[in-house]
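Biologist: Please show me the model, and then let us go through a few of its residues.

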Amino acid sequence: MKGIPWCSAVIAIGLSGCFGMKTGQKFDDRSVKNIRTGKTTKAEVIQMFGQPPTRNSTGGGSETWTYQYTALQSHATAATYIPIVSLFASGAKSTSTQQTLTVNFKKGVVSACTYGKSSSDTAMSMGLLSVSEKPGQSNNVSTPCDEAQ
């Protein structure tokens with residue numbers, strides 16, 4: 001029975017070093033290519049992506065729908081959990097991803113559509129002797145929907 005509190009402490013410490021957050025609903029990049037300016041209707045967009053979280057009416061039968069998804073994952077590096085070593089070499093890594101789909105309608109049919117996707121990785125090192133941040137790879141893409149990759 002002495003091992004149970006020790007295991008619980010180790011699990012609690014391990015879980016405290018992780019963080020994740022998601023907003024919106026992730027959507028399939030490949031479906032974006034199916035949106036055709038002058039042809040795709042509101043009903044077809046709803047069938048592909050569901051009800052839009054954001055709708056803006058611009059008057060004259062025009063409307064803009066926006067779908068957005070964001071995910072952030074962050075975790076501490078292994079050295080953070082080692083006593084004494086963590087004083088000199090602790091750190092964290094994070095990854096973020098974002099998708100944005102904006103669809104403009106005129107009289108119920110797509111008049112314009114843009115799709116953007118970005119992702120980035122960042123590493124941060126901390127210790128008594130130094131603090132540094134290393135931006136990792138970052139990708140940003142924004143294209144008309146029918147040209148989405």
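Modeller: K107 counts as exposed because its relative accessibility is 73%, and exposed means over 50% (1.4 Å probe, protein chains only). This is a predicted model, where local features need pLDDT of at least 70, side-chain atom pairs count only at pLDDT 80 or more, and totals for chains, interfaces and linings use all residues. Residues are numbered from 1 along each chain as its sequence is written, and side-chain values use heavy atoms, with hydrogens and water left out.

Biologist: Where does K107 lie, and what is its phi?

Modeller: Most residues other than glycine have a negative phi. K107 is not a glycine, yet its phi is positive. The residue sits in the loop between β4 and β5, strands being DSSP runs of E with at least two residues, numbered from the N terminus.

Biologist: Is S31 buried or exposed?

Modeller: S31 is placed in helix α2, residues 29-32; helices are DSSP runs of H or I with at least four residues. Buried means under 20% relative accessible area. S31 has 18% relative accessibility, so it counts as buried.

Biologist: Which residues is S31 in contact with, leaving aside its neighbours within four places in sequence?

Modeller: Contact means heavy atoms within 4.5 Å. With those sequence neighbours left aside, the residues in contact with S31 are M48 and F49.

Biologist: Of the residues in the largest nonpolar core, which touch the most other members?

Modeller: A nonpolar core is a set of buried Ala, Val, Leu, Ile, Met, Phe, Trp, Tyr and Cys residues joined through side-chain atoms within 4.5 Å. The largest one has 14 residues. Those touching the most other members are I35, F49 and L101.
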